[in-house]
Amino acid sequence: MRGTKPQLFEDDSPMEEFVPAPEWLSDDARKEWDRVLPVLLERRILTDADLGSLENYCAAIGQVREAQREINKRGILISTARGSKKNPAVTVQSDAMTRARLLAAELGLTP
């Protein structure tokens, strides 16, 4: 891209109050929201601009947990008319774990 980058400014107004999890998040995702939001508020690193990333992180964690339940129920390999194949939940879980890890780092949830 050409031209100059827009001037960025630091948002120095961290959130201070607990915000309820969005209704659209799964139960697992809302549990993660309730677990990590107090930590982020205590560290004073979460701003309004970070809420979208927090929503996506929690949604990814919810998908990881949902996929794990499916894997526990049906196994890593599933039977089909053509034999065995990898349970699609394994791929869903792997993708969600990657997203969660990247978003956790952005949010300051990793060591």
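Contact here means heavy atoms within 4.5 Å. Keep that in mind, starting with Leu54. Leaving aside neighbours within four places in sequence, Leu54 is in contact with Trp33, Val36, Leu37, Leu40, Leu46 and Leu107.

A word on the source. This is a predicted model, where local features need pLDDT of at least 70 and side-chain atom pairs count only at pLDDT 80 or more, while totals for chains, interfaces and linings use all residues. Residues are numbered from 1 along each chain as its sequence is written, and side-chain values use heavy atoms, with hydrogens and water left out.

Now to helix α2. Helices are DSSP runs of H or I, at least four residues long, and they are numbered from the N terminus. Helix α2 covers residues 51-74, which is 24 residues. After α2 comes Gly75, with a positive phi near 95°.

Which residues of α2 are buried? Buried means under 20% relative accessible area, exposed means over 50%, and partly exposed is in between, using a 1.4 Å probe and protein chains only. The buried residues of α2 are Leu51, Leu54, Tyr57, Cys58, Ala59, Ala60, Ile61, Gly62, Val64, Ala67 and Ile71. They pack against α1 (27-43) and α3 (88-107).

That takes us to the core. A nonpolar core is a set of buried Ala, Val, Leu, Ile, Met, Phe, Trp, Tyr and Cys residues, joined through side-chain atoms within 4.5 Å. The largest one has 21 residues, and Leu25, Trp33, Leu46, Leu54, Tyr57 and Cys58 touch the most other members. The elements giving two or more residues to this core are α1, α2 and α3. The largest share, seven residues, comes from α2. In soluble globular proteins, nonpolar side chains tend to be buried together.

Next, a quick look at α3. Val90 lies in that helix. Leaving aside neighbours within four places in sequence, Val90 is in contact with Ile71 and Ile76. Val90 and Ile76 are 14 residues apart along the chain, yet their C-alpha atoms are separated by 6.7 Å.

Last topic: charges. Side chains of opposite charge can pair when their charged atoms come close. A salt bridge is a side-chain nitrogen of Lys or Arg within 4 Å of a carboxyl oxygen of Asp or Glu. How many salt bridges are there by this rule? The count is six.

Take Glu16 and Arg44. Their side chains meet in a salt bridge at 3.6 Å, N to O. This pair links distant parts of the chain, 28 residues apart: Glu16 is in the segment before α1, and Arg44 is in the loop between α1 and α2. Glu16 is exposed at 60%, and Arg44 is partly exposed at 46%.

Now Glu32 and Arg35, with a salt bridge at 2.8 Å, N to O. They are three residues apart in helix α1, so about one helical turn separates them. Is Glu32 buried or exposed? Glu32 is buried, at 2% relative accessible area. Arg35 is exposed, at 51%. Glu32, Arg35 and Arg65 are linked in a network of salt bridges.

Finally, Glu70 forms a salt bridge with Arg74, the closest N and O atoms being 3.4 Å apart. These two are four residues apart in α2, again about one helical turn. Glu70 is partly exposed at 25%, and Arg74 is partly exposed at 44%.

Methods
The expected span of a helix is 1.5 Å times one less than its number of residues.
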